[in-house]
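Here is a friendly note to read with the model open beside you. Take the points in order and find each residue as you go.

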Amino acid sequence: MTVRWVPLLFALLASAAPASAAQPPLEAADFLLPNESKMTPFKDRVPMVFVTSNQPEWKTLKGFWTEGTQEDADPASGQKVTRKVVKLKVPLGLTQAPVVPAENAMTVEKWVLGKQLYYDKIMSTNGSVACATCHAPTRGFSDGKRTSTGINDALGPINSPTVFNSAYNRFQFWDGRGSSLEDQAQGPVGNNKEMFGGKADPWEEAVARLRANAGYVKAFNAVFGHAPTRDAAAKAIATYERTVLLGNSLHDKAEAAMRKRVIEEESGKFVLKSEDYASALKDEFATKGTALKDLGLDAATDAGKTDELGKRLLAGRDLFFNKARCTNCHTGDTYTDHGFHNLGIGAKDGELPLDEFGRFVRLPTGHKDTALVGAFKTPGTRGLLWTAPYMHSGDEKTLEQVVDFYDRGGNVNAWLSEKMRDTAAESAYIKARAEGKPVDPAVKTYGPTKKPIIPLKLNLTAQEKADLVLFLRALNGDPLDPIVADPEKFTGK
C-alpha cells in the first residue's frame, strides 16, 4: 500500500514561493483557531497507533510501520467511515506506548509535516541550523560532540541529549525545564546559541518565514486548519519525535528467550540465566544481527563463545542491579527514574560553580530545593554506543570512563546526591570527631557544621568493570527503521 498523498504534500513544501493568500498578522504567531473547512477531510486523515509487545497484534506486524485500514465514526456526521491507519510496532523492551496528548493526536500527515520541520533549517534565523543539526540520526539523534555548536558557530554550554525514547521522558532538557516534547520543540528556536540570531521575537520571525513558504502554508492548513503558528509547529515536531523509539536490544531478546524457556519448563521462575543470553547470542550469530557489532564480536570467529559471553552478560546484569548500584537511578523500560541527581559534574576542588547548579536554577522562586543544587536529569541507558560522549558535560568519552567515574563515587561537592555518598562513613566520621578521635584529613567538609561529604566507592575489579560495560553494550538496541531515521523517507515502502 502506498501513501499517495505524501509526495503531493512535499511537492508543495518544496516550493519557496510566497503564499498568495493574505496571512494572519504576526501577533497571531503563537496560536490560531482551526478552520475545519481548510483541513484534510476526516475520512482522509490517517491516524497513527502504537502497538506494544503485550498486545496480540504486535506479533503480526512485520515491521515498525504497517499500513492498514480501520472503521471510525466521523465526529461531524456520526457516520462510519473506513480510513487508512498506520500501526507502529513499539520495539521489544518498551512495554508501554508513549503517551500522546489528547490535543495533539497523531496522524501521518502531521508526522510528515513534523519530520520536514525537524530537518529544515528554515527554523533558524539564518537558515544554517535545524533540529537535526544537534540531534542527527547518524549520530544517535545527538551530535557526537562534547557540547553543541549552534547558529553563527556559537558553542553551547551542554551536551546534546539524544531524542531516543524522549517520548517517555517526564521532563525534557538536562535541567528539566521542558514538561513535554511539545514544550521542548519550542526551546531551540529562541536560543541564541542554537537557532536564534535575530533582533525581534524569535518565534514571530520563525513563523514569518514559514508563512512566506507556500508549501508550509498549505500543509499547516491541511493539518491544523490555519496558517503556521508556534503552537502548531511544536505539535508537528513533537509528533515526529514521538516515533524515535529505540529497543530490541540483545538484553531484551535474552529476556524474551527467558520467558519462552520458563513457559516451556512450566517452572514459573522468571529469572534470567546465562543460557538465555547465550540463546539470544546464537540467534544473533545465525542472522548476523547488529548486536554482534555492539559487543565487538566477529561472526566468523566468535560464534563458539556464546556460553562464555552469556555468563559475562549475566554477571554484568547482576552488577548493574546490585553492586554497581546503577538501578538506584537507571530503572524501568528506558532505564531512568526521570529524577535529578548531583553527581559532582563540573565540581572543581570540591566546589560547584553557579553555572552547574542545574535543576535548582529552573525551580520556580518560592520552590527552590537545595537537594537539587547541581542536579541534572538521569539519562536512559539505551543506545549508549551511538550517543557518546556522556554526562551533561560531555566529559566522559567512553563507557569505560563512565564506569570509572561511578566507581570512584563521582566528584565530591557540598550537594552530592545521597545516592552517591557513603553515608555510613560520614556518620562514623561525625561520631569520631565528636569523641575527639582522629579523622581522615582528606575528607571534605562544608558549612558551619563542617558536614563531611564522602563519595561511595564501588571498588569494582577490572573484570567486573569489563562485564558491566559488556552489559551496557547489550542494551544498545537495533537501528531505527529508515522511515524514522532517513530524512528523505516518508512512506512505509
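Contact here means heavy atoms within 4.5 Å. This is a predicted model, in which local features need pLDDT of at least 70 and side-chain atom pairs count only at pLDDT 80 or more, while totals for chains, interfaces and linings use all residues. Residues are numbered from 1 along each chain as its sequence is written, and side-chain values use heavy atoms, with hydrogens and water left out.

1. Let's begin with Asn476. This residue sits in the loop between α15 (462–473) and α16; helices (H or I, at least four residues) and strands (E, at least two) are DSSP runs, numbered from the N terminus. Asn476 has a relative accessible area of 0% and is buried. Buried means under 20% relative accessible area, exposed over 50% and partly exposed in between, using a 1.4 Å probe and protein chains only.

2. What does Asn476 touch? Leaving aside neighbours within four places in sequence, Asn476 is in contact with Leu246, Ser249, Asp294, Arg382, Gly383, Leu384, Leu385 and Trp386. For Leu384 there is a further detail: the Asn476 side chain reaches its backbone nitrogen at 3.3 Å.

3. Next, the nonpolar cores. A nonpolar core is a set of buried Ala, Val, Leu, Ile, Met, Phe, Trp, Tyr and Cys residues joined through side-chain atoms within 4.5 Å. The largest one has 56 residues, and those with the most contacts inside it are Trp65, Leu113, Leu117, Tyr118, Met123, Phe141 and Phe220. Elements that each supply at least two residues of this core include β1 (48–51), β3 (80–89), α2 (108–119) and α16 (482–485). Apart from this core lies another, of 44 residues, among them Leu313, Tyr446, Ile453 and Leu468. In soluble globular proteins, nonpolar side chains tend to be buried together.

4. Tyr118 deserves a look of its own. Not counting residues up to four places away in sequence, Tyr118 touches Ala130, Cys131, Ala132, His135, Phe141, Val163, Ile237, Tyr240 and Glu241.

5. Now find the open sheet of three strands, with the order β1-β3-β2 and mixed pairing. Two strands pair if DSSP finds at least two bridges between them. β1 and β2 (65–73) are the edge strands, each pairing on one side only. β3 is largely enclosed by the rest of the structure, because seven of its 10 residues are buried.

6. How do the strands pair? β1 and β3 are parallel, over four bridges; Phe50 has Leu88 in β3 as its bridge partner, and Val49 stands opposite Lys87. β2 and β3 run antiparallel and are joined by nine bridges, with Thr69 opposite Lys84. β2 and β3 also form a hairpin with six residues between them, and Gly78 in the turn has a positive phi of about 80°.

7. Finally, how many disulfides are there in the whole structure? A search finds zero, where a disulfide is a pair of cysteine sulfur atoms within 2.5 Å. For Cys134, the nearest cysteine sulfur is that of Cys131, 9.2 Å away; Cys134 counts as buried, at 10% relative accessibility. For Cys326, the nearest cysteine sulfur is that of Cys329, 9.4 Å away; Cys326 is buried too, with a relative accessible area of 17%.

Technical notes. A polar contact is a pair of N or O atoms within 3.5 Å; within protein, one must be able to donate a hydrogen and the other to accept it, and residues adjacent in sequence count only if both atoms are side-chain atoms.
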